[in-house]
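Visitor: Hi, I have just opened this one and I am new to it. Could you walk me through a few places in it?

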Amino acid sequence: MQYDDEFSDLAKRLKASEIRELLKLTQMPDIISFAGGLPNPLSFPVEDIKEIMNSLLDNEGAKILQYGSTEGVISFRDALVDMMKNRYNVSAKRDEILITAGSQEALYLLAKIFVNPGDKVVIEAPTYIGVLTAFQSYSPSYVPIEMDDEGMNTQILEDKLKEIKKEGKKPKLIYTIPSFQNPAGVTMNLERRKHLLELSEEYDILVVEDDPYGELRYSGERLPLLKSLDKDHRVIYLGTFSKVLSPGFRLAHMIAHEDIIRKAVLAKQGIDLCTNTVGQYVARDYINKGYLDKHMPKVIELYKGKRDLMLDMMEDYFPDGVKWTKPDGGMFLWVRLPDGMDAEAMFKRAIENKVAYVIGSAFYPNRDHKNTFRLNFTYPTDEQIKEGIKRLGKVIKEEMS
Ligand code: PMP
Ligand code: G9A
């Protein structure tokens, strides 16, 4: 049978995620991959999880193996209420929290409940590939806002919002990753955080604060979440356990006004009924037993060392004219080759030299900025960072000459 004609119009529009495709490279022997955004396996708290799971199976087996409510396990959401208050000074009620299968699902739910085809959605340029994948079924019209070392340039945002208002329109959402942005590695400063919220009030727009990396700070001062500065229920906050526990559990939380949560619950009921219950109980105990607090400093030490090593190696081996960001946290840094160079064309040479990155244009909806690429520093071993950056330095030099 020929299937092509059978697929829906929506299915015909679906495109593969560049990252998911590149992740296959990480499994190829000999390739040193700086491509996928994977946590380091050494960061997984295996012994804590073993202890928690054994105890749960002994004492609460019937509950943890059962279906749960779509909103999420009550005692887990209550643990999150406390965690959000204690760690981030965010006051959220249980009914303002929805547990999702990773924040990737939360992004999909937000597209589904807010975005009609052609609706404007503000994004950072570059932005997370997964948001473009999640939103593609709903065909938004993107409004990309440039960033610099201090995150999204909110003055440019203000100018854009003014322009859009003159056309009698307004964007549905402003999507931002304020801390240790994926892919650029930069962090929005406090002044801009406040300015962004002022603009969201003035122009009456919802803000999606995607925060998978906030806990991974290696230098500099901690900044308040947009959600903690939000007086008007305008911010939809997305947190995830992928980088602080394990991405394998597929566990995240959306915090927003109850009306938004209720609508997202309806959308989620048609997708997966509920998020995996086993993981929710494990994460609950991981928080409540204080293991998260105990564990994070070890992860931070591991990743800080890797960030510093990669930056030092780049300083030594990358040729003049190449620029890169120096992230205070997270998992990525962003490289800019001299104008006119093409990281997509260079990728073939990189693979021949057994080293991989993600081409920068994949992070832009219109696929421009061909002279950029993203490096991940959390997954490779120290040896791989040393050898991989040497190889990449050689690749860039050859491409330049
Ligand atoms: N948002 C951003 C910015 C990300 O980088 C990622 C994953 N790396 C996600 C969302 C999705 O993460 P998860 O579904 O594992 O929570
Ligand atoms: O697709 C994944 O596995 C998550 C990775 C995200 C990224 O590399 O940005």
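Visitor: Let's start with T378: does T378 count as buried or exposed?
Guide: Before anything else, please keep in mind that this is a predicted model. T378 has a relative accessibility of 0%, and because buried means under 20%, T378 counts as buried.

Visitor: Where is T378 placed?
Guide: T378 sits in a loop, the one that runs between β14, residues 372-376, and α14.

Visitor: And what does T378 touch?
Guide: If we set aside its neighbours within four places in sequence, T378 is in contact with L38, P39, N40, Y303, K306, G330 and M331.

Visitor: You mentioned α14. At roughly what angle do α12 and α14 cross?
Guide: Helix α12, residues 291-317, and helix α14, residues 382-400, have axes that cross at roughly 30° and come within 9 Å. Angles under 35 degrees count as roughly parallel, and α12 and α14 are therefore roughly parallel to each other. The crossing in which α12 passes α14 is right-handed.

Visitor: Which residues meet there, between α12 and α14?
Guide: On the α12 side they are K306, L309, M310, M313, M314 and Y317, and in α14 they meet D382, I385, K386, I389, K390, G393 and K397. Sorted by class, this contact of α12 with α14 has seven nonpolar, one polar and five charged residues. K306 has already come up in our chat, as one of the residues in contact with T378.

Visitor: What about α3 and α11, how do their axes cross?
Guide: The axes of helix α3, residues 46-64, and helix α11, residues 277-288, cross at roughly 125° and come within 10 Å. That angle makes α3 oblique to α11. Here α3 passes α11 in a right-handed crossing.

Visitor: Which residues of α3 and α11 meet?
Guide: From α3 there are D48, I49, I52, M53, L56, E60, K63 and I64, which meet T277, V278, Y281, V282, R284, D285 and Y286 in α11. By class, that contact of α3 with α11 has nine nonpolar, one polar and five charged residues.

Visitor: Then what about L199, which helix is L199 in?
Guide: L199 is placed in helix α8, and at 1% relative accessibility L199 counts as buried. Leaving out residues up to four places away in sequence, L199 touches T154, L157, E158, L161 and D204. For L199 and L161, which are 38 residues apart along the chain, the C-alpha atoms are separated by 8.4 Å.

Visitor: One more: what is the phi of D30 near?
Guide: Phi of D30 is near 75°, which is a positive value in a residue other than glycine. D30 is found in the loop between α2, residues 18-26, and β1, residues 32-33, and at 55% relative accessibility D30 counts as exposed.

Visitor: And what is the phi of H233 near?
Guide: Phi of H233 is near 55°, again a positive value in a residue other than glycine. H233 is found in the loop between α9, residues 226-229, and β8, residues 235-240. At 36% relative accessibility, H233 counts as partly exposed.

Definitions and conventions. Residues are numbered from 1 along each chain as its sequence is written. Chains are lettered from A and ligands numbered from 1 in the order in which they are written. This is a predicted model: local features need pLDDT of at least 70, side-chain atom pairs count only at pLDDT 80 or more; totals for chains, interfaces and linings use all residues. Side-chain values use heavy atoms; hydrogens and water are left out. Axes are lines fitted to C-alpha atoms, for helices over the stretch in contact, and angles run from 0 to 180 degrees between N-to-C directions. Helices (H or I, at least four residues) and strands (E, at least two) are DSSP runs, numbered from the N terminus. Angles under 35 degrees count as roughly parallel, over 145 as roughly antiparallel, 65 to 115 as roughly perpendicular and the rest as oblique. A crossing is left-handed if the near helix is turned anticlockwise from the far one by less than a right angle, and right-handed if clockwise. Contact means heavy atoms within 4.5 Å. Ala, Val, Leu, Ile, Met, Phe, Trp, Tyr, Cys and Pro count as nonpolar, Asp, Glu, Lys and Arg as charged, and the others, Gly among them, as polar. Buried means under 20% relative accessible area, exposed over 50%, partly exposed in between (1.4 Å probe, protein chains only).
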